[in-house]
Amino acid sequence: MVEGAMGRVIFDGPGSGVWNMAVDEALLDALAKVPADRPQAILRFYQWEPATLSLGYFQYLAERESHAASRECPLVRRPSGGGAILHDRELTYSLTVSAGFPQARPSTQLYHAVHRSLIRTLKEFGVDARMWTPPPSNARHAVQDKAHEQPGEPFLCFQRRTDGDVVVDEAKIAGSAQRRRLNAVLQHGSVLLERSPHAPELPGIAELTGVRLAPREFATQWEQALSAELGCSFSPVSLDAETLAAAQVLAESKFGTAAWNARR
Amino acid sequence: MTPDKLLFSETHEWVHLDQTEAQPIATIGITAFAIEALTDLVYMQLPKVGDQLTAGEPFGEIESVKAVSDLYSPVSGEVIEVNSKLPDNLEILNDDPYGEGWMIKVKVTDPAPLSKLMKLEAYEKQCSEEQ
């Protein structure tokens, strides 16, 4: 175990996109205040209600018009990078660690640790997944199909490929992104459980393998695997009053505002 | 510019100080070590001319490998010039981090934070400890 590292896990219910991003950022703000010699990690599992499109931090809002199937869904901009995600029949996690946490850097270390534990957990449920690795001399590879030919990278995260993404055969079923601050790192990611009518081009684990995963049961197993991977045990907790109050402020002053969501 | 003529922050920004004016002008970028650690840069946002910066606070943001990181100002002052070529041509950072890869020029209003900056030797020691 990491000496002094304190881990907590929150099995959260479904929430709106604005609320989910506000909670994740409130957790990031809280862990940014943790002393470097007392590392902490907070793991949170959650879902989205209603189905919501999240934009990567640097994406243009106007790009959503290119994706007709999700046009009626509410939208929120994430604090993290990467492409857009349609959060519907999926499981989202966030892992927030203070800067003193052993795997806090480089960024790829945390991605790979979480994805290795995900692959191990999927195997327990009969799903054979692996980490995608780029062809030689191409660290980042945009997968384009005929339905989505446009310059640059595809709009949807699940149509992109980055070293370490989790795939079943060649279909991406999980990816992660980060917001890095001086004193803490927020990493969150999405596991595609089933195809959504709001992103019908993306098959989920159910369509690819015939395995239907129950989100809470799967999250419980995944938490165990991640604990072993990180060498940090996670104690189950609920969101405390301070975090809830901070998230409420962030939801109203940031993630629910046009100034944030239409900033690009 | 060569690194031995520069000052460095703990957060991997470099500073070139021009002290020929009454108020020093700081040219700021990020170091080759930081660029290599970030690897695959895809987006950057820099401040506007006229913005006021505070030492230790973010002045911009950069995305690499789906991770968005803050860029921290090593000085306090007013932004007087921004390298407008950079956000759309991030390969410049790899090619010439201490020259064409400069990010902003700042008219320094408070010299106190400059004393926290390191010379090359101390910065290289920090980098070797981080590897």
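Select helix α1 (residues 17-31) and helix α5 (residues 241-255) of chain A, which pack with their axes 8 Å apart and at an angle of about 120 degrees. Helices (DSSP runs of H or I, at least four residues) and strands (runs of E, at least two) are numbered from the N terminus. Axes are lines fitted to C-alpha atoms, for helices over the stretch in contact, and angles run from 0 to 180 degrees between N-to-C directions. The angle makes α1(A) oblique to α5(A); under 35 degrees counts as roughly parallel, over 145 as roughly antiparallel, 65 to 115 as roughly perpendicular and the rest as oblique. The crossing of α1(A) past α5(A) is right-handed, that is, the near helix is turned clockwise from the far one by less than a right angle, anticlockwise being left-handed.

This is a predicted model, in which local features need pLDDT of at least 70 and side-chain atom pairs count only at pLDDT 80 or more, while totals for chains, interfaces and linings use all residues. Residues are numbered from 1 along each chain as its sequence is written, and chains are lettered from A and ligands numbered from 1 in the order in which they are written.

Display the residues between the two helices next. Those of α1(A) that meet α5(A) include Trp19(A), Met21(A) and Leu27(A); on the α5(A) side, Leu250(A) and Phe255(A) are among them. Contact here requires C-beta atoms, placed from the backbone, within 7 Å.

Remain in chain A and select β4, β3 and β5, which form an open sheet in that order with mixed pairing. Strands pair if DSSP finds at least two bridges between them. At the edges are β4 (75-77) and β5 (85-87) of chain A, each pairing on one side only. Neighbouring strands of this sheet are turned by 25 degrees against each other on average, direction ignored. Strand β3 (residues 52-55) of chain A runs antiparallel to β5(A), joined by three bridges; centre on Leu53(A) to find Leu86(A) of β5(A) opposite.

Move to Phe158(A), in the loop between β8 (140-142) and β9 (160-162) of chain A. Phe158(A) is buried, with 25 other C-beta atoms within 10 Å; the cut-offs are 20 or more for buried, 12 or fewer for exposed and partly exposed in between, with C-beta atoms placed from the backbone. Leaving aside residues up to four places away in sequence, Phe158(A) touches Lys172(A), Gly175(A), Leu192(A) and Leu202(A). A distance of 9.5 Å separates its C-alpha atom from that of Ser190(A), 32 residues apart along the chain.

Now colour by chain: 18 residues of chain A are in contact with twelve residues of chain B. On the chain A side, α2 (107-124) and β11 (171-180) are the elements that give two or more residues, and β11(A) gives the most, with four residues.

Six strands of chain B form an open antiparallel sheet in the order β1-β2-β3-β9-β8-β5. Strands β1 (7-8) and β5 (52-53) of chain B stand at the edges with a single partner strand each, so one side of each is left without a neighbour in the sheet. Within the sheet, six bridges join β2 (residues 13-18) to the antiparallel β3 (residues 25-30) of chain B. End at Trp14(B), which stands opposite Gly29(B) in β3(B).
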